[in-house]
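Biologist: Please put the model up, and then I will ask about its parts one at a time.

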Amino acid sequence: MTDYSLESFPDFSNSLLGPKTAENRFADPNVQVDLTTQLQVLAGSEVLSRAVERLQTEYPNITIEDLRSSLSFSPVYAPDSTGKGKVATKVLKATYISTQPEKTQEILETVLAVYQLYNLEQQKLRLSKGLAFIDKQLPEVRRSVLEAEAALKTFRSGTNVIDPATQAQTASAALDRIKTERQALDAQYRETYASYTSVQRQIQLAPEQARTSARLSESTRYQSLLNQIQQTELELAQKRQTLTEDHPVIFNLLNQRRDQLALLEQEVGRVLGGDAGQLPTSENQLNAGQFGDNDLSLVRQLSELQKNLQSLQARDRSLAQTEAKLTAELKQYPELLAQFNRLQPEVSTRRGTLQKLLEARQELGLEIARGGFDWQVVEAPQLGVQISPNARRNLMLGAVVGLFLGGLTAFVREAMDDKFHNSDDLGNQFPLPLLGAIPELSSADLRDSLILPVAETQSPTFTTPELFQWQPLRESLDLIYTNIQLLQTKNPYKTLMITSAGAGEGKSTLALGLAISAARLDQRVLVIDADLRNPSLHYMFNLNNHQGLSTLLNGNVTLAELQTTPQWVYMRWDESELDPGTLPPSDLSIDVLTAGPLSADPVKLLSLERMQDVLKAFENNYDLILIDSPPVLGVVDTIPIGLGCDGVVMVGRMKQVTRLELSKAISAHKRLNVIGLVANGVTPTHKNYAYLKA
């Protein structure tokens with residue numbers, strides 16, 4: 001009997017890859033194809049049962065078991081850039097073994113047609129469910145936006161304050177200006193008062209007396225009467241030298257002087273008006289009003305200085321009243337600012353959630369209109385070729401050799417085993433706290449927890465965010481997050497780098513799990529994919545990777561562009577398994593900054609100064625920033641990343657990482673703040689599971 005195999009089977013390729021040129025036929029870094037899932041779908045009962053229905057017309061006795069026993073699928077590998085190694089492509093190869101060459105070709109063609117149709121149906125179904133879910137959420141989100149906006153409007157109308165921070169800043173600036181102006185006024189007042197005192201000492205009169213004397217000195221009639229009186233007194237003095245007091249001439253002169261004084265007093269009253277009382281005696285009236293030009297200039301200067309002093313005092317009183325009013329107003333702003341800071345972020349957050357839901361709805365609608373992705377055939381099925389004349393003998397020989405080599409390998413591995421097998425070994429090996437353990441994921445656990453439809457032959461992976469609803473995994477990640485917070489309660493860690501000694505140890509799983517744990521506690525979380533050599537976060541969430549960390553590190557973006565680069569990820573979180581029927585599903589959202597386009601020199605791109613600038617730009621917008629970094633060994637990328645973080649968490653996968661590898665990784669980060677270790681892939685006990693399910 002001769003066996004035939006079709007090894008040049010239609011290599012399935014996603015139509016999103018574009019034209020099949022020599023450059024993108026086997027790889028495209030901008031498109032994520034989960035080959036593991038596709039292989040499981042191809043070998044699943046749904047696709048094979050449909051294929052059997054079509055094939056039974058020509059092969060009535062064919063069954064699903066017949067297909068599974070002879071049909072196999074595998075990824076296609078292509079040479080890497082060096083030409084020495086191989087890399088997995090986004091192309092699948094199918095092989096069918098049969099004794100009939102035509103049968104191999106027909107069966108593979110049928111499987112191809114069935115899978116293409118099934119894939120389109122499932123894609124459209126998933127998109128439709130997502131669109132229905134968003135349509136269900138939109139009314140509630142819109143209502144919450146209106147409630148938040150109404151609360152903010154009520155606050156503004158009730159307090160007559162639009163933006164407390166801006167208005168408080170304006171009032172504070174005005175108060176500072178007033179204080180500065182009062183200081184300047186005080187200095188000006190002191191200077192003017194000094195000049196006033198100096199002029200007053202020169203005149204040797206009170207300001208009021210000086211002004212009345214100046215007014216009288218400027219009166220022509222007063223000066224004329226004063227001259228007449230002086231002439232009369234001179235004549236009276238001359239006559240008294242030769243005549244007695246009762247002489248008629250002396251008597252007439254005295255009467256003349258009395259009349260002149262009366263006229264002088266009347267002129268004083270006319271000139272001074274109500275101020276005439278300041279000259280109570282005739283003697284004062286005779287002495288007043290005899291200022292010269294210099295005295296009059298001093299009087300005018302004294303009067304001007306007095307007016308200036310009064311003006312400065314009035315201005316200072318007005319400023320003092322305004323200062324008191326602003327001081328009282330500023331005392332009210334802290335409470336208003338606290339209320340505003342509670343209302344405004346709520347409005348912004350709810351508006352952002354609504355905007356992201358609308359964008360997601362539009363994207364889903366466009367995807368449905370496009371009809372989803374369609375796998376294309378790179379190479380059509382051909383007739384089978386003979387591969388073995390004696391398969392049974394080869395299988396038996398292979399089994400014997402395999403058993404021998406397997407036993408020998410197990411013996412050697414046991415003798416040379418330097419790996420960690422449980423979390424206790426990890427915690428006792430290094431002087432660092434063991435923050436927690438992540439349980440090993442199995443198909444049986446997933447089926448029991450009813451999270452995802454996992455087949456018995458399907459191997460689960462941590463590449464699907466929905467898997468974090470598996471309760472043991474969720475509980476362990478919540479415990480790790482709590483332990484991290486307890487390490488530093490006064491000043492919680494703001495930025496954390498998640499890394500490991502080697503690849504495949506669960507860095508991305510831990511980073512995403514901690515982000516979900518923090519988001520469930522209403523924390524604003526940003527996850528950054530800093531692995532610029534082998535990024536993965538945009539694959540997990542099916543995000544656009546045209547812009548990301550690499551574009552920000554180039555330094556050619558504005559602050560506004562930098563803060564809008566992270567992409568929003570929305571998740572529907574179901575807590576009902578904890579208490580069925582009582583806890584409704586909740587909404588979770590985190591922001592993800594993808595790695596961006598790959599760089600030819602990641603070490604240069606991850607310079608310490610630029611990386612710290614990027615982290616500081618995000619610190620005010622988020623409560624927690626988690627950085628998914630490259631592995632430590634073999635590259636130096638983690639050093640500039642970790643120097644810009646508050647702490648570093650090291651994760652190690654049990655039965656994979658060795659003591660030597662983890663020791664080297666920790667030693668390489670002595671300059672960094674390594675806060676603890678996390679054990680991944682720990683086999684949980686039955687007792688723990690029973691308690692969680694109770």
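This is a predicted model: local features need pLDDT of at least 70, side-chain atom pairs count only at pLDDT 80 or more; totals for chains, interfaces and linings use all residues.

Modeller: Residues are numbered from 1 along each chain as its sequence is written, and side-chain values use heavy atoms, with hydrogens and water left out.

Biologist: How many helices and strands does the secondary structure of the chain come to?

Modeller: Helices (H or I, at least four residues) and strands (E, at least two) are DSSP runs, numbered from the N terminus. On that basis the chain has 23 helices and 14 strands.

Biologist: What percentage of the residues in the chain is buried?

Modeller: Buried means under 20% relative accessible area, exposed over 50%, and partly exposed in between, with a 1.4 Å probe and protein chains only. The chain has 694 residues, and the buried share is 39%.

Biologist: Which residues stand opposite Met650 and Arg653?

Modeller: Met650 in S13 faces a residue across a strand pairing, and that residue is Thr499. For Arg653 the residue opposite lies in S14 and is Asn680.

Biologist: How are H14 and H15 oriented to each other, parallel or perpendicular?

Modeller: Axes are lines fitted to C-alpha atoms, for helices over the stretch in contact, and angles run from 0 to 180 degrees between N-to-C directions. H14 (residues 471-487) and H15 (residues 507-520) pack at about 80°, with axes 9 Å apart. Angles under 35 degrees count as roughly parallel, over 145 as roughly antiparallel, 65 to 115 as roughly perpendicular and the rest as oblique. H14 and H15 are therefore roughly perpendicular.

Biologist: Which residues of H15 make the contact with H14?

Modeller: Contact means heavy atoms within 4.5 Å. H14 contributes Arg474, Leu477, Asp478, Ile480, Tyr481 and Ile484. The residues from H15 are Leu510, Gly513, Leu514, Ser517, Ala518 and Arg520.

Biologist: Which residues does Ala168 touch, not counting residues up to four places away in sequence?

Modeller: Ala168 is in helix H5 (residues 164-203). Its C-alpha atom is 9.7 Å from that of Leu326, 158 residues apart along the chain. With residues up to four places away in sequence not counted, Ala168 touches Leu330 and Tyr333.

Biologist: Is Asn160, with its positive phi, buried or exposed?

Modeller: Most residues other than glycine have a negative phi. Asn160 is not a glycine, yet its phi is about 55°; Asn160 is in the loop between H4 (101-159) and H5. Its relative accessible area is 68%, so Asn160 is exposed.

Biologist: Is Phe541 buried or exposed?

Modeller: Phe541 is in helix H16 (residues 537-541). Its relative accessibility is 13%, so Phe541 counts as buried.

Terms used: Two strands pair if DSSP finds at least two bridges between them.
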